[in-house]
Each structure stands twice: as C-alpha cells, then as structure tokens.
Amino acid sequence: MAPPNLQTSSGPINTADSNEEYARVNWDELGFGVIPTDFMYVMKCSKEGDFLHGNLTPYGNIELSPSAGVLNYGQGLFEGLKAYRREDGGIQLFRVDQNALRMKMGAERLCMPSPSVDQFIHAVKQTVLANKRWVPPPGKGALYLRPMLLGTGAVLGLAPAPEYTFLIFAAPVGNYHKDQAALNLYVEDKLHRAIPGGTGGVKSITNYSPVFLPQSHAKAKGFSDVLFLDSVNGKYVEEITACNIFIVKDNVLSTPAIQGTILPGITRNSVIELATSFGYQVEERLIPVEDLLEADEAFCTGTAVIVNPIGSISYQGKRVEYRRGKGALAQKLYEAVVGIQTGLVEDNKGWTLQLN
C-alpha cells in the first residue's frame, strides 16, 4: 500500500495498483534499463536562487523551452543511487547524504544553485516511498534513483540559466553487467575522458556522451568497456567509462588519486574504507599503465556495477589476465558492500538510512 501523507501536485497519491505489495514485473529477468514507475519528484528553483517546496507528479515527459540552458549549454548534473528491500520487508538507502554533497559540489562548478542536503534526502525518500511497489524483492535487484539538476530557464547568450529544476525519477534494475561477469577492457590511448581543470571530477551530463565513440569501437572488437588514460602524459590510469578502477598487488590496493579529472565515487570511497578494515594497505596515487599490467587483480566500482571484477586488460597489443572469483578481494568487497546495502551485514559505519 502506498504510504500515508504523500502528496502529488494535484493531491494525495492514488493509483489503481497502489494496494499491490509489488508491481507486475518479472523480477527474475530484471536487467538494467528504463522501466517507468508511478511517480517522479519535481522541485523548482526561484529566480532568487532558492529551491521551493517540491511535489510528486506522475512519471512522464517534461516540457522544456528550446532555449533552456541544459539543452543549449549542457548545464546539467545527475546522481545515481539505489533503494534496497531488506529481508524483513523494509527499505533502505545507502550513503544518500554523499550523493547530495556531490551534487552541491558539481553545482558550484557549473554555476548552479542546488538543493540543500536535507532537501535532497527528503526528495529521495518521497520518491522511493511513492514507488515502493517497484522496489524489487530481496536479492532480486534494487530501485535505481536518478536525481537530476537542470538549467531549465531560457537563455540565449552564453550564461547560466535564470531558472532551475531538480527532478528525480526511478526504475527497478538488476545487475548492470549480466551476472557480474568479469570485464574485458580495452585501454584507450588516443581519446580522453577528461582534462585537468575541466569537469571530469563532477557528475556533469556533458561527461558521458564523449565516451560513446571509443566505447562503441571497443565493443565492436569484442571488449566489454574502455579504460581511459590521463590526457597530459597519456600513461596514467584514470577511469573506465562510468566507474572507478582499483588494482591489487600483493597486500596493497591502489586507485587513481582524485585530482579533478576523476569522479569521487561513493562506492569507491566505501571500498577504500572497507579494504582498510580488512587489513589492506590502500594507496590513492598516480598509477602508470605498467603497474596495471603487473597487478594481481583489478576491479571497478560504481553505483551501477557495485564492485565488478576485471578479467583482462588489453593495451597496445598486449593482453593481461587477472585473478578473480572466490578468494579475490573484489568478491570479498562485493559481498561486504551488498551486505550492508541490503541489510544482511550490520552497518556499523552509519551508511544506511531506513525508510520504514
């Protein structure tokens, strides 16, 4: 049943299927794609730069001026997080405050006002509760949430938009990669994802379409995805198209340092804390390609992939394979992160927020 006290812009929530515990979805076949849910959350920003009271509204298309800042100048950010159903039927979020803080950081970089942390968390909670029946059963996936901050005001000259919209939509999802299959990566040494002083360190919408070309070329050759190198020297490991990378050598876990060209991933930060508690030495540093090729293990992290093993790397005609599966650090970290996210492992770090 839809929770009480939830209001849409036109009054209390009321849908024909609101008395169902679960939506009519084949949870066993759930992939990672757009499945429309019941409601989305919309909050407008005043001309003074303050976000006003937001509302739930039926999921659907939005209307934009052709001269909206987001359409003409790419003034937009997004976040990604998940809501999980616990074995007791309750629902919880994972480190939602960090998504709110990262959006505020990105908004400052793009000259945008942003919701407060409390406004962000309230909006996420409202969106999840309104779409409660779309949260998959325990162990079947999660409800993926996509908060967006968009320059929706009309602008023609090159300048920040005069008005903004904060929007959240949701979709039930399964694994990003089928059965968490080990990735077979191609190291791209000609095209680059980010440059120093650019926006590689924030979750700008403009960061993602430029990776489509190298990614499509790699997939045409049979690779799973692309790993990018730094744009200055062309020899230091940076990011995969949409996730952070880690390598393991002996008892040392290394990941590229955050220096403005790498997204400060929330799962990345969680993995660093967990690996340290497991007794690993963790280094955030420049990682030459040579270190990558000599590693014992490699894996990537992100909200969508969680912790995903890398099976092999191909670079300038050389292919290297890595340890994976039972006994690998990636597997141990995956089980720890998912365990906390789903309530199967005690959260002694204060990372989860229970909604009921």
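Predicted model: local features only at pLDDT ≥ 70, side-chain atom pairs only at ≥ 80, totals over all residues.
Where does Lys203 lie?

View 1. Lys203 sits in the loop that runs between β10 (183–188) and α4 (212–220). In an unreviewed entry, UniProt lists this lysine for "modified residue: N6-(pyridoxal phosphate)lysine". Is Lys203 buried or exposed? Its relative accessibility is 13%, so Lys203 counts as buried, the cut-off being under 20%. Leaving aside residues up to four places away in sequence, Lys203 touches Gly76, Leu77, Phe78, Glu79 and Gly80, and also Arg102, Tyr208 and Leu263.

**View 2. A salt bridge between two loops, Arg133 and Asp38.** Here the side chains of Arg133 and Asp38 meet in a salt bridge, with 2.8 Å from N to O. Arg133 belongs to the loop between α3 (117–130) and β8 (142–151), while Asp38 belongs to the loop between β2 (11–12) and β3 (39–44), so this pair ties together parts that are 95 residues apart in sequence.

**View 3. A salt bridge between a loop and a helix, Lys349 and Glu273.** Which residue meets the side chain of Lys349 in a salt bridge? The partner is Glu273, at 3.8 Å from N to O. Lys349 is found in the loop between α7 (329–342) and β19 (352–354), and Glu273 in helix α5 (residues 266–277), so the two link parts of the chain that are 76 residues apart in sequence. Lys349 counts as partly exposed, with a relative accessibility of 31%. Glu273 is partly exposed as well, with a relative accessible area of 32%.

View 4. Arg285 forms a salt bridge with Asp291, and their closest N and O atoms are 3.0 Å apart. How accessible are the two residues of the pair? Arg285 is partly exposed, with a relative accessible area of 25%. Asp291 has a relative accessibility of 27%, so Asp291 also counts as partly exposed.

Methods:
Residues numbered from 1 in each chain as written. Heavy atoms only, no water. Salt bridge = Lys/Arg side-chain N within 4 Å of Asp/Glu carboxyl O. Helix = DSSP H or I, 4+ residues; strand = E, 2+ residues; numbered from the N terminus. Buried < 20%, exposed > 50% of the residue type's maximum accessible area, 1.4 Å probe, protein only. UniProt positions renumbered as here; feature names shortened; annotations may be inferred. Contact = heavy atoms within 4.5 Å.
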